[in-house]
Amino acid sequence: MKEEAGEAGEISMLYVEDEADARQMVARMLTMNYPNLTIYNAENGLAALEIYRRHTPEIVLTDINMPVMDGIRMSREIKAINPEARIIAVTAHSDTSYLLSAIEIGVHHYVLKPLNYQELFSVLDKVLEQITLKRLVAEQHRRLAQSERQLAGAQRIAHLGSWQRDIESGTMNWSDELYRICGLEPGSIPASYQAFLERFHPEDRESVTRSMLNAMNPGHHPEHEFCRVLRPDASLRVVRLDVESVREPGSGQTLIGTCHDVTELKEAEVQVRSLTEDLERRVQQRTSLLQASVSELESFSYFVSHDLRAPVARLEGFCTALLEDCGVCGNSNCRQYAERARNVVQQIKQIMDAFNSLTHLARCTLMIQETDLSALARDIAEGLAGSRPERHVEFVIAEGVCVRGDRELLKKALEQLLNNAWRFTSKKERGEIEFGRFDQEGIPVYFVRDNGAGFNMKYAEKLFKPFQTIHTPGEFAWSGTGIGLALVHGIVLRHGGRIWAEGEVDRGATFYFTLEQNPESGSYLKEA
Amino acid sequence: MAHSYILLVEDNPDDAFLASRIIGKACRHEILMARDGEEAHDLLLLMERDHTFHQIKLVLLDLKLPKISGLELLEGIRSSEKLHGLRVAILTSSDNETDQKKCRELGVVDYIYKPMTVDRLKSVLSRSEAHE
């Protein structure tokens, strides 16, 4: 007990004895045997009171018969100051009147004179034990109160109410936060299971009961239920109800559980779900719109490639008939007009072909695979260089430029860009054509650059529009229909990228494009 | 000498006129005209019965026809016991790859895009005759 006394904190004792020799002797003995005990000495009651007021020692060991102020009076004074003070009386008196007044004052311990140390220590031990115990209890109490405060605080912050239900006695215990979640002042209504059930929306009471029953089932896996709490002000809160069974030896079955107010979470969840659904609906809507326009395009293309081709072919047939049968006609205009009409037919056919290749891009099915753009560019460059060996053109082709995309379409796009570069450098003594890649804000940008004829930036917008040309026909042995770059544009678009160009007249042009990192395979056409 | 024919199956009068004109310039065969697949079918049945069908040197067949389509007629000819050997050339303005593939599978002499020219028809006929 002595050690625990030390642990419980400092304990001090006031020793009051008028005989100096005895006082010193006893004090020394006490110090030796109770090294942790702080001992104050006083020679009479009055001096002792002074010390007591200053130090409020827990224990007072006092002689009774003393000059100035005796032990009984002093004890009464001390008890008035602190009723908790433990007083041990040392007395030669064994008469009952002394004892009675000592008891009345609250002196519960006494040791008889002449002083027997064994007896003194035994009494002192008992008192020390009591003090230590009391301190321990007080400390436990303090800790308990603190942890309860923490728990209540945590429950309040987390909107988490807890409860306990004793099945046999039928009693229930609710935490303050549970009351608050139910819209009640803590403790304002008696906590019973019936009252608990009544907190919930009538439609959800069955779920609550089921949770309780499930928890009582020994083989049950903990599950939670979301139930609605109906507050007195008629507002609804959504709580997550968790129930578990606790069985302690010697006592009956107890259910413990929590009610977590997740109203805001649930609202957010509902909102997210509705947003997602909305988004999905919109995606579906857009997809069907897209599908509709692609199939419209499909039928329009069909119209162009079939229905329109027939009358154009007829027209061509009649032009030929005119040329063949009226070749001998005296009027030279006849022949000239027929020839020109036939040229017009050729133009119409070219435009129809161009239109079909353009719309094909929107309709066709993409076959996405690893595609080595460098290798494609090299092949195209070799083909171009071989076609006109007399030309001096330096190709610079970056190595290892690989993308995911439709190889055939990307090849077509590169062909178009490199062919353009080849053609528009034809008037340069030394042509330079470069294919490469760089990163712009983390996105790879591919480019084809040449030092050829270039273009005026004010026409940059026109470049990618079909049938729009910015070079005069014949200027660069050019006889296309003006859809080459429009095709490249379409291919880049199908790959989720964008395309743009920079140029300067007589200094060259650069065409840049990006591609979606992993474009979607397939087509926009609804599968039949 | 027995008559020899080119059977022209064509619904559009302008196309029929243009094709007839070319046939007239390219050869001496007479023209049998059918304005749809059904007419052509009936005519072929008749000639099958009369045993005159072998006088048809070439069938010039449009694909897009009312009632019975060109492709159906071609299939009918190929599955016929007697007529299956008839020489057929497709005359069309459509560039449908599927049609073209199917026709090749069904054994056509040529697949001619309109408008047909004298030279083209001559080459088809000379190829046909070389087979005889």
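In strand β10 of chain A, T254(A) is the bridge partner of D166(A); helices (H or I, at least four residues) and strands (E, at least two) are DSSP runs, numbered from the N terminus. The model is predicted, so that local features need pLDDT of at least 70 and side-chain atom pairs count only at pLDDT 80 or more, while totals for chains, interfaces and linings use all residues. Residues are numbered from 1 along each chain as its sequence is written, chains are lettered from A and ligands numbered from 1 in the order in which they are written, and side-chain values use heavy atoms, with hydrogens and water left out.

Strand β6 (residues 160–166) of chain A runs antiparallel to β10 (residues 253–261) of chain A, and seven bridges join the two; strands count as paired if DSSP finds at least two bridges between them. Opposite S162(A) stands T258(A) in β10(A). Strand β10(A) also pairs in the antiparallel sense with β9 (residues 236–247) of chain A, over nine bridges. Here S245(A) has L255(A) of β10(A) as its bridge partner. Five residues separate β9(A) and β10(A), which form a hairpin, and G250(A) in the turn has a positive phi of about 90°.

These strands belong to an open sheet of five strands in chain A, with the order β7-β6-β10-β9-β8 and antiparallel pairing. At the edges stand β7 (172–174) and β8 (224–230) of chain A; each has a single partner strand, so one side of each is left without a neighbour in the sheet. On average, neighbouring strands of this sheet are turned by 25° against each other, direction ignored. Axes are lines fitted to C-alpha atoms, for helices over the stretch in contact, and angles run from 0 to 180 degrees between N-to-C directions. Helix α10 (residues 263–325) of chain A packs on the sheet and touches β8, β9 and β10 of chain A, its direction making about 120° with that of β9(A); contact means heavy atoms within 4.5 Å.

Chain A has another open sheet of five strands, with parallel pairing and the order β2-β1-β3-β4-β5. Its edges are β2 (37–42) and β5 (109–112) of chain A, each with a single partner strand, so one side of each is left without a neighbour in the sheet. The twist from one strand to the next averages 20°. Strand β4 (residues 86–91) of chain A pairs with β5(A) in the parallel sense over four bridges, and V90(A) stands opposite V111(A) in β5(A). Helix α4 (residues 71–81) of chain A packs on this sheet, touching β1, β3 and β4 of chain A, and its direction makes about 160° with that of β3(A). Helix α2 (residues 20–33) of chain A lies across β1 (11–16), β2 and β3 (59–63) of chain A and runs at about 175° to β2(A).

Between chain B and chain A, about 1,200 Å² is buried, 52% of it on carbon and sulfur atoms; buried area is the accessible area (1.4 Å probe) that two parts lose on being put together, summed over both. R21(B), S93(B) and P115(B) supply 37% of the area that chain B buries against chain A, more than any other three residues. The contact takes 14 residues from each of chain B and chain A. Five salt bridges are found across the interface, a salt bridge being a side-chain nitrogen of Lys or Arg within 4 Å of a carboxyl oxygen of Asp or Glu. D15(B) forms a salt bridge with R314(A), with the closest N and O atoms 2.8 Å apart.
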